[in-house]
Amino acid sequence: MSLFNRGPVPPPGSRVLLYARFSDNQQNPLGAEDQLRILAEDCQRHGWVVVGSYTDKGKSGRSVKRRTGYLDMMAAAAAGEADVIGVFQLDRLGRDARELNDARNRLQDANVMIFTHDKGFMTRFEFAIYAEMAQMESERMAERTSRGRRAAAARGKFMGDVPYGYRLVEQKAADGSPILNSRGHPVRDIAVNDATAPYVLRVNQDFDAGLSPHQIAVALTAEGIPTPEGGPIWHPNTIVGVKRSMSGLLRNPIIVGRVIHGKVTNERDPKTGELKKRKGDVADMIEHERPDLRIVPQDVWDRNQARLAARPASKLVDRRRPTYPFSGLVKCGVCGGSFVQVSKTMGCSAYRLKACSNNRRVRRQDLEKAALDGLTQQLAQPEVISWFMPEYLRERGPANEAAAERRARAVQKLAEINEEIDSIREQLRLKPGVHARKMFNDDLETLIASKAQFEREAARTENARPVELTSDFVVGRFEALLEDLGQAIQGNERDAARAREIVRSLITKVTVEPFDGEGGRPDGKGNKAVRVYIEGEISRLVDRVTLEKKIMHERGAGDVHNLPIATFWFYVDLFQPQTPEEEQLWRDVALIGRMLDDADWPILFREMVAAVNDRGREPDEAELESDQARVRLGLAQYRRGKWVRSIRLSDANDWGWVWADRPLKDHEWRVRHKRRTASGPTAVGDAETGVTVAAPLGVIRLGGPEAAVMQIRRSTPTTEE
């Protein structure tokens, strides 16, 4: 297309996607609906068919980040679902010239045109000019806003978010009436918040006394004091803040009565669209003294600033933090918090702040391997896939039939258009007059545009015809995919990034919780074992291996399908490598736990000693001492967590052990012990109490529990699993 050529107008029947946006939350939210209504009237006049409408309300056009309506519209257009994109004005589509031109190029590659209510179809030159004008207007508005904020700050007005320890109050006139601004709104200022200011003072005094930010955060969390955001868990960074922005409960100068405007400036990253903060220029800062806002004494402030200045710089400054396949997906099974990378292993972020009891750690590589191996072992099975394939194929049947019908109509229409084009070209060979020639050329351009549309329709439906799907076919493709993913994650950065993206599309959540192996009960310190629950959608799995409709975005990728959603979850137990002594300890712990589970009477210490003897003969004196030490160490694991308690059974200092959560009292346990010793090897029933005591059984050594379990279900709550 030439620089000044608008191209042919799409013919009647062309499919249109409408998009509307406004950026200011104070605007009338019906503004977006008004834009869509006017655009729908334009489509009706041209004979176009509206196939979808998208809106972004209260979102800036300077970036596509968080503009879900825009991203969904672009994805639909790239998928071939429309011939025209309709917007009220070009600046509604965006206010970044680079993004607008990039969007135009991507839409042009998909044979999609951009229509605006005020300008219609623009030439390439017009589009470039209006895209630059949209960005320049946005920059002018930002400059005017910044200038207004600086002027207000120079007059002494507080600008920005209200810091922790302060609150907004309405200014009053001498007669007590509220002072109003030019718009009739009450003029507000900040004042010390009597409810939260004591915590600001306490934090500064504790830091001055020598406590670390971590210790202060742990104490505030333990006392249940809400964070500035209203959450339950305090983090050290909330205490320390950021040096360049003078934030945090220790660095913000407002706590000593100094209000500084312009501490930081916001700059938009042109690649990601995110706002990034940097330290403001000293010459641009506006400072006011507000003694009424002081919370912390000056001497405490000075000592704290000197101590903060002496702190070493963070090791994470200017370091690129890597992205792992499960970044942001792993959660703690105890508190629900994030399970994050801590040094060389992953752990619960709340445990370090003493807000969670989950102290288990797991290597990231072990977690990734367990997930991929679990997908292979639990999902790549014909009996699993065969459960879902009938639903999948049943839904695809009508879709395939509709696609075949669309292709047949497109092929028929193409034949008719080709005949009309040949007829017009024959007329042009006869060298008609100027006006007739112009009319023929206009008709020819319209027909060529229609031909391109129906050619795309025929090609898309032809490519959409799938191969014959069977459970074995899907399983084979899935196994190959998982094998390739495992190798790619360990490969170069480009392959690893692509593999991480695919893994994250298959798995929606990973939960890690403590698991105490064979014992079945928490043991206090724990044996470092964890149970990893992995959740996802089997629908996405089938989409991935069959490569159904795939849409690539500039900033990500996703699958498009109208198929039944079925979820899956399974768990895998991870045991950390142990020494032979540790393995023996946890076998003894499991054995003792099994004895306490199976018995209705107190278990004697000597019975436990006899149970751990697996030599097949009576132990000698040294071996007996070793067995006794093993039992004491095993009992210590339960006693540390207060899971067991001892019962004095006789005056001969004879003691027995029971679970601490059993509801019986000590004298009731003694009665059971006496009945047991008097009954011998047979069961005895007490006619008075109704208690039946079983004869002692030998210890049965069992293996560990099942290492993994699999469940598949529809996501609809009313459907039976």
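Q: In this structure, over the face of which residue does R104 lie?
A: In this predicted model, R104 lies over the face of F127, at 5.6 Å from the ring centre. A second case of this kind involves R672, whose charged end sits over the ring of W669, 5.9 Å from the ring's centre.

Q: How many aromatic pairs does a search of the whole structure find?
A: The search finds six aromatic pairs. One of them joins W48 and F121: because the ring centres are 5.8 Å apart and the planes stand at 70 degrees, the pair is edge-to-face, a label given to planes over 60 degrees apart. W48 lies in the loop between α1 and β2, whereas F121 lies in strand β5, so the pair ties together parts that are 73 residues apart in sequence.

Q: Are W48 and F121 buried or exposed?
A: A residue is called buried when its relative accessible area is under 20%. W48 counts as buried because its relative accessibility is 6%, and F121 counts as buried because its value is 9%. Ring pairs also link W48 and F121 with F115 into a cluster.

Q: Which residues make the nonpolar surface patch of about 270 Å²?
A: The patch is made by F125, I129 and M133. M133 has its place in helix α5, residues 124-154, and with a relative accessible area of 44% M133 is partly exposed.

Q: In what order do the three strands of the open sheet run?
A: The order is β20-β22-β21, with antiparallel pairing. The edge strands, β20 and β21, each pair on one side only. Between β20 and β22 there are two bridges, and the bridge partner of L604 in β22 is G656.

Definitions and conventions:
Residues are numbered from 1 along each chain as its sequence is written. This is a predicted model: local features need pLDDT of at least 70, side-chain atom pairs count only at pLDDT 80 or more; totals for chains, interfaces and linings use all residues. Side-chain values use heavy atoms; hydrogens and water are left out. Patches are made of residues with over 30% relative accessible area and no salt bridge: like charges are joined within 9 Å, nonpolar side chains (Val, Leu, Ile, Met, Phe, Trp, Tyr) within 5 Å. Accessible areas come from the Shrake-Rupley method with a 1.4 Å probe; for residues, only the protein chains shown count as cover. A salt bridge is a side-chain nitrogen of Lys or Arg within 4 Å of a carboxyl oxygen of Asp or Glu. Helices (H or I, at least four residues) and strands (E, at least two) are DSSP runs, numbered from the N terminus. Buried means under 20% relative accessible area, exposed over 50%, partly exposed in between (1.4 Å probe, protein chains only). Two strands pair if DSSP finds at least two bridges between them. Rings of Phe, Tyr and Trp (its six-membered ring) pair if their centres lie within 6.5 Å; planes under 30 degrees apart count as stacked, over 60 as edge-to-face and the rest as tilted. A charge sits over a ring if NZ of Lys or CZ of Arg is within 6 Å of the ring centre and within 35 degrees of the ring normal.
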